[in-house]
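Please walk through this structure with the text below.

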Amino acid sequence: MTELALPSVKSPGALRQLAIYLTRDKLALCAAVFLLVLIVCVLVGPLFVGELAGKLGLRQRNLPPFALEHGFIYILGADTLGRPILARLIVGAQNTLGIAAAAVFCSMAVGGTLGLAAGYSERWYSHVILRLADVVMSFPSLLLALIVLYTLGPSMTNLVIVLAITRMPIFIRTARAEVLELRERMFVSAARSMGAGSGRILFRHIAPLVLPTLVTIAAIDFATVILAESSLSFLGLGIQPPDFTWGAMVANGRGYLKTAWWIAFWPGLAILLTTLSLNILASWARTVADPLQRWRLQSLRKAPR
Amino acid sequence: MGNKSVRVIAGAMVVAGWAGYAAAQNASEIKIVLPEQPANLEPCGTIITNVGQILSRNVVEPLTIIDPKSGQPTSGLATEWKQTDPNTWQLKLREGVKFQDGAAFNAEAVKFSIERMTGGKLTCSNIAKFGNAKLTVTPIDDLTVEIKSDTPQPILPTLLSVVMIVSPNTPADKAVNDPVGTGPFKLSSFTPQTVVLEAFDGYWGEKPAIARASYVWRPESSIRAAMVETGEADLTPSIAIQDATNPETDFAYLNSETTAIRIDAGFAPLDDVRIRKALNLAIDWDGLAQLFGEDVQRASQMVVTGINGHDDKLAPWAFDAEKARALIAEAKAAGVPVDTEIELIGRNGIYPNGTEAMEAMMAMWQDVGLNVKLTMLDVNDWLRYLQKPFPESRGPNLLQMMHDNNKGDAAFTVPIFYTSGGSYSTFNDAAFDKEIADAMAATGEDRTAKFKAIFAKVHDELAVDIPMFHMIGYTRVGSRLEWKPDITTNSEIPLANIGLKD
Amino acid sequence: MMLGYIGRRAYHSVISVIGLLTLVFFLTRLTGDPSALYLPLDSSLEARQAFARLNGLDQPIYVQFFQYLHNLLSLDFGQSLRQNRSAIEVALEAFPATLKLAVVAMTLSIALAIVVGALAAARPGSLFDRIAGLVSLAGASTPDFWIAIVGILVFAVGLGVLPTSGTGSGLHWIMPIFVLMLRPFGLLVQVVRGTMISALASPFIKTAHAKGMKRRKIIFGHALRNSLLPVITVAGDLATGLINGAVVVETIFGWPGIGKLMIDSIIQRDFAVVQSTILVTAIAIFIVNIAIDLLYAVLDPRIRY
Amino acid sequence: MTASDKPILRIDGLTVDFLSEGDPVRAVDNVSFDVCPGETLVILGESGSGKSVSTGTVMGLIDCPPGDIVSGTLVFDGTDLSRLDNEGRRELNGRRIAMIFQDPLAYLNPVYTVGRQIAEVFESHGAGEGGAMRGRVVRLLERVGIPEAETRVDYYPHQFSGGQRQRVMIAMAIALEPDILIADEPTTALDVSVQAQILDLLRDLQRETGMALIMITHDLEVAAAMADRIIVMNAGKVVESGRAEDVFTNPRHSYTRRLMSAVPHGDPKKRSRPVEQEVLLQVADLSKHYKLGSGPFAPKREFKAVDDVSFTLRRGETVGIVGESGSGKSSIARMLLRLNEPTSGSALFAGEDIFKLEGRALNGFRRKVQMVFQDPFGSMNPRMNVRSIISEPWAIHRDILPRQRWNERVVELLELVGLKPEHAERYPHQFSGGQRQRIAIARALASEPELIVCDEAVSALDVSIQMQVIELLADLRQRLGLSYIFITHDLPIVRQFADRILVMQRGKIVEEGETEALFVSPRHEYTRALLNAVPQPKWLQRDPTPLAG
């Protein structure tokens with residue numbers, strides 16, 4: 001991972017600066033707006049369309065999109081049980097993003113902490129942690145997921161646990177690598193010479209500098225997790241009906257791609273746009289973080305000739 | 001960029017590629033695409049769909065063959081049979097039959113095959129059809145055998161349709177992947193990609209039109225359909241209804257599978273017959289039927305027409321939400337805890353659109369005020385609920401299930417479902433067990449009548465299950481083939497019956 | 001020294017592999033007794049118990065485990081319940097198919113990603129850069145099974161230029177490879193671009209300019225060579241993660257590889273095969289990692305083990 | 001040939017902006033100068049004076065954030081450089097105009113052998129191919145004084161010492177005998193002795209090839225040693241220019257005068273008042289050995305970073321430890337602060353052995369001894385603002401100060417080190433080098449220490465700033481009765497600040513003595529070498545006999 005350090009976001013000035021940089025990159029702006037809208041939908045949407053999403057309409061199975069006679073909610077068409085796809089997209093977003101967010105957060109928190117420990121100390125447990133990471137790394141994550149889900153049963157929580165575990169190594173390794181570099185920095189020696197204990201150095205001095213990197217990875221991982229979840233659904237082990245996610249919607253609709261493409265298309269598109277937005281924002285953040293690149297996002301005014 | 005990259009690769013590969021891909025198979029060679037890879041090719045496992053569809057009556061042949069129309073056994077490798085006493089049958093064997101390895105087909109070979117099945121040294125699925133009967137086979141002469149059983153076997157000839165005769169040179173103590181039988185085709189190769197059969201010149205019967213058949217497998221229905229459409233394959237025995245879009249090539253057939261929901265009558269509120277009837281009444285059957293295609297038949301019992309014991313008069317439950325609500329209210333008044341959560345246990349991929357069906361039914365039941373919650377399980381967990389011993393932890397539950405009886409007689413259905421000892425049965429009623437025992441022992445008209453009575457009672461009085469539909473399978477048959485699926489297609493695809501247009 | 005290093009790595013990997021196998025053993029056993037799966041639905045309880053006895057599944061789990069370890073010592077990896085032959089044989093038979101897929105896909109992704117990424121980095125913000133970025137990210141953001149099925153419907157059924165699935169001619173490779181490439185290619189382009197940009201900003205590039213070197217030589221000779229290391233790291237992780245993509249691709253395109261085998265055998269509870277596949281893939285992954293480390297040493301003279 | 005008077009390069013009214021958020025930052029403002037063949041022009045200025053930028057434009061190297069040439073002409077040998085396209089520029093670079101940089105390690109590509117990198121110069125200008133080139137490269141390396149050039153030609157940059165790397169850079173630059181060599185701070189990162197050698201090399205090469213040499217430096221000695229003519233830059237403007245001797249002997253511009261006055265000269269008043277006899281620190285037989293040989297090629301051997309060092313420090317005294325890089329002076333500092341454990345030896349601080357302290361005792365000791373590091377930026381957490389940086393010692397040692405008094409104390413300290421109260425809310429990156437070092441000192445003072453160890457505390461700063469910081473330290477010493485261990489590679493600086501000086505070489509103390517005495521009559525030859533290494537002004541050197549064409 002390339003070293004990323006977002007400009008300190010403590011002062012409001014920095015925040016405004018970030019906002020300005022965002023407006024300079026149209027693509028990133030669109031991505032941000034899209035995600036914003038999405039989050040709003042997730043928060044308030046279910047209140048309005050919650051029960052519609054489960055409402056059977058066997059008489060309007062596979063209703064094609066852009067037909068308004070059944071009402072606007074059917075604008076994107078209806079699925080194999082005649083349920084409005086739009087409503088299901090909104091409700092599905094809640095599960096999809098909920099699961100991804102939870103999984104990514106867990107793996108970042110746990111993996112990050114383990115990585116810090118493994119990087120800072122030379123004791124036995126740092127070796128254990130690394131071997132652990134190796135084990136998970138050399139364990140095809142889909143298989144791990146399948147086994148655990150078979151063992152624990154495919155519930156929402158277990159799904160989160162599995163996805164979190166499979167994504168953990170990357171955080172462990174990155175955090176460790178960063179710590180190995182940071183702990184040799186002068187200000188760490190300075191702190192130690194002042195008598196600061198390991199805990200203080202680790203969490204007051206090192207962690208804050210590792211965090212931005214982890215956050216950026218998390219953004220990219222968020223996308224990975226959404227995709228992983230959809231792959232699980234494809235193998236029939238994602239989240240189980242009556243609950244559903246975008247991945248599950250794509251998986252269920254895939255059989256109809258030829259006859260009723262819209263059933264799998266819209267959720268597929270939703271996944272694509274979401275992950276794409278996250279990736280775009282991540283690479284935008286990389287540019288902002290890089291002092292050699294940041295100027296690309298600045299308004300450069302030349303002196304009058 | 002991604003697309004550009006494809007172009008690049010394509011460009012690179014087209015040259016090398018074209019030849020291999022475009023080479024059309026020659027006329028008498030066909031390719032069949034199955035939904036899944038056969039785990040093995042053990043002839044004793046032909047009742048497993050994807051094994052049977054390859055081996056049964058192609059490589060290995062049974063002693064008797066069930067006639068799809070009547071459900072009665074007809075001559076296979078055994079030409080005629082008679083019952084000498086309730087426990088004993090005597091068979092005449094076909095003359096001039098050779099095994100593909102040159103060994104002669106005779107009474108000894110039959111003895112060997114049956115003992116190999118029943119020996120218990122290898123896992124033999126087919127033997128399950130015999131229940132726990134102990135068979136002793138004694139050759140009378142070269143082409144006559146006598147089969148003795150410890151219990152009366154009124155329908156032994158029917159049972160014999162699952163006895164696949166293998167060459168005496170087959171190892172008797174371990175399962176094999178290179179079966180040798182008497183069939184019109186012999187196994188040419190078995191790789192993770194494909195199984196290839198080639199015509200066997202020494203076949204006793206008439207020479208089939210097909211010279212060579214290769215089997216491949218694709219789990220995605222849409223892809224199987226596409227393969228036949230593009231001519232990469234000539235036949236796929238099962239595609240999902242949504243893929244059966246072309247009347248020229250796609251044929252529906254009653255596939256002897258009956259779908260149902262089992263009610264676990266052991267728990268309140270399901271122990272109350274009113275609730276069980278309400279469950280039957282609450283479903284919008286016509287609406288549900290759309291999930292499986294307009295040709296599905298609404299089922300009132302667990303066997304299809306043509307199976308001895310099927311009761312054509314028996315009318316299925318009709319959709320009547322009001323009546324359902326009334327029954328529930330009545331039960332509630334009588335103190336039945338109707339609000340208890342009822343777990344609806346489904347199984348992933350049990351049949352096309354099975355999951356959607358469960359979702360729909362859950363919604364409908366909730367609609368009439370029953371607290372039904374859906375849980376989808378994978379096969380292995382689902383089996384724990386299907387078969388005894390049931391999990392201790394279970395509460396009131398409904399189980400999605402599918403029953404396939406293409407063996408011509410209700411005997412393959414009734415005992416497992418409705419006797420106290422039956423491995424699917426959730427209730428025990430000594431009197432009812434007695435009735436079933438009688439039916440099992442009876443023969444002819446009497447037998448048929450008894451089974452009909454049983455189905456009627458199950459449906460009208462006990463309502464311990466919710467028969468859904470007699471299912472329709474869809475096959476896609478390439479334009480150059482002359483073939484129609486029938487009720488046996490799920491268990492066998494005799495290549496000999498496939499003709500070639502030209 | 002080099003040998004010593006490899007020895008150390010090998011030792012670590014052996015530990016992880018053993019840990020892995022133990023984990024898999026117990027996890028899989030937790031998914032329940034498979035007897036019922038292998039017998040027809042209407043088979044009796046006795047039949048099932050007989051089956052369990054026949055395959056030693058009735059033993060207490062720790063006994064089974066020691067039995068397993070004991071057999072391992074004599075390189076007996078157990079029998080496949082499903083295919084009634086040696087499990088390792090099954091795994092090894094399936095492995096090459098996947099290996100071929102992975103190697104081709106990875107090589108192409110890396111090669112293409114380097115070219116595209118380098119060109120994008122040469123003129124950051126240019127039209128090419130933006131398009132390349134968008135396309136690559138989109139590639140990395142699409143559910144692979146979805147794109148696979150769409151691909152079949154379009155190229156095989158619609159246009160009829162490619163075979164739907166299966167193996168054989170070169171044409172059969174195109175779609176699986178393409179689907180498998182999407183994600184690695186997408187992510188690698190990002191990495192290459194990022195590292196190239198920072199490499200192009202590094203002082204020795206100034207020197208090269210001061211020498212009067214040609215721009216092309218500077219980009220591909222100096223900058224690229226120095227930005228390869230992180231690319232290789234990421235490529236390595238992607239390669240090890242490729243097995244997941246392989247599962248989907250193999251399932252859809254009927255490719256008889258180890259990924260599909262893995263999933264099938266866990267679904268079928270064919271424990272011995274699951275363990276064997278894990279063993280094979282884990283070893284493969286371990287070899288990849290070693291190779292990467294050695295590649296480091298080759299590419300960067302400062303790195304010595 | 002001798003310095004002709006016809007300029008090979010003439011720059012007129014060059015103005016360069018750095019574009020950034022909002023208004024552009026003027027880096028170079030209307031700068032004009034020229035240089036003739038065989039002549040050495042020194043551009044003298046402190047960091048940020050724009051001296052590097054002006055020459056960067058000559059090579060067409062302007063780094064991000066993007067530079068923008070607002071106006072000015074750069075005429076090289078009759079061609080206007082600002083009108084050249086990339087190809088034309090490429091033709092000139094390396095062939096007729098060459099450049100060497102401050103930090104050779106960074107400016108050499110780590111993954112290619114030096115031989116290859118030098119050969120590239122020939123290739124780029126179609127001046128030779130494959131086998132033949134190797135010979136030329138080797139000869140070049142020999143010329144710039146790389147021993148065993150025949151084999152080292154295949155070595156990688158990291159396998160050379162700092163001085164040798166700079167020689168490699170030079171070899172690369174002179175490969176095609178350019179008309180102009182631009183040297184941007186070529187010796188700044190090097191030890192004085194090495195610096196002298198490099199300067200000699202440059203002089204010799206110039207004499208041989210008759211090339212013009214444009215030398216950029218902030219170091220007055222170096223400037224004096226090299227310059228024929230000199231221009232002094234400050235804040236992007238040329239403030240003074242002329243013959244070196246004139247500028248140095250009677251500077252006219254005020255800024256130049258300040259620079260000159262910043263040149264250290266032994267001024268007793270900066271020394272501490274007579275010291276008490278109480279011994280504060282007693283170091284005995286201190287050693288630190290490192291096990292080497294983790295590499296594949298290096299055999300297992302032991303490296304003695306610090307070898308059996310003993311010295312004493314009285315309360316209120318300042319001891320200077322002088323030595324070049326790798327002499328082990330910093331290792332001593334790190335051990336005294338318990339950052340590294342010694343291999344053997346003892347150090348009694350106020351009677352207690354530092355190396356035996358544990359737990360609370362150790363914390364107590366850490367309060368009394370503080371360190372000021374070379375790189376103030378690196379020694380501060382970029383994520384913490386000045387307030388939390390300075391108050392960190394109180395957060396660690398709870399008993400020093402009650403929390404409610406922190407803020408006012410921070411303000412006191414800031415004022416004490418000459419900063420403003422409002423600085424408390426800012427972050428390190430918002431300060432200049434000198435200010436950062438003041439913050440570092442404030443932090444050191446926060447725990448009311450008795451001894452402050454300064455490890456190269458001023459080396460990274462511009463000369464004028466250096467003096468201010470030294471004065472601050474001296475002033476604090478008076479007011480707070482502090483003791484210092486002052487570690488540096490720069491003799492002149494300690495001369496006016498330290499009471500006693502230890503000269504270290506390869507982990508050993510080779511000479512110890514009262515400052516004046518040591519400067520006037522150095523006994524050990526290494527000390528002498530160090531003193532002589534300080535370059536002599538060119539106009540005092542006996543004039544080099546010019547070589548014929």
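**Backbone sites, a chain and an interface**

Pro389(B) sits in the loop that runs between helix H10 (379-386) and strand S18 (397-404) of chain B. Helices (H or I, at least four residues) and strands (E, at least two) are DSSP runs, numbered from the N terminus. The peptide bond from Lys388(B) into Pro389(B) is cis, with omega near -5°.

The model is predicted: local features need pLDDT of at least 70, side-chain atom pairs count only at pLDDT 80 or more, and totals for chains, interfaces and linings use all residues. Residues are numbered from 1 along each chain as its sequence is written, while chains are lettered from A and ligands numbered from 1 in the order in which they are written.

Chain B has another cis peptide bond, between Ala268(B) and Pro269(B), with omega about 0°. Pro269(B) belongs to the loop between strand S14 (250-263) and helix H6 (273-281) of chain B.

Next come positive phi values. Asn353(B) is not a glycine, yet its phi is near 65°. Its loop links strand S16 (342-347) to helix H9 (354-367) of chain B. Asn353(B) counts as buried because it has 21 C-beta neighbours inside 10 Å. The cut-offs are 20 or more other C-beta atoms within 10 Å for buried, 12 or fewer for exposed, and partly exposed in between; C-beta atoms are placed from the backbone.

In chain D, Arg338(D) has a positive phi of about 60° and is not a glycine either. Arg338(D) lies between helix H12 (329-336) and strand S14 (344-349) of chain D, in the loop. Arg338(D) has 19 C-beta neighbours inside 10 Å, so it counts as partly exposed.

Now take chain D as a whole. It holds 20 helices and 20 strands. Its C-alpha trace spans about 70 × 55 × 45 Å along the principal axes. Of its 549 residues, 46% count as buried.

Last, the contact between chains B and C. Here 47 residues of chain B are in contact with 57 residues of chain C. Contact means that C-beta atoms, placed from the backbone, lie within 7 Å. On the chain B side, the elements that give two or more residues are helix H1 (2-22), strand S12 (212-217), helix H5 (221-229) and H10. H1(B) gives the most, with 13 residues. The chain B side divides into 25 nonpolar, 15 polar and 7 charged residues. Nonpolar covers Ala, Val, Leu, Ile, Met, Phe, Trp, Tyr, Cys and Pro; charged covers Asp, Glu, Lys and Arg; the others, Gly among them, are polar.

Note on methods
Two residues are in contact if their C-beta atoms, placed from the backbone, lie within 7 Å.
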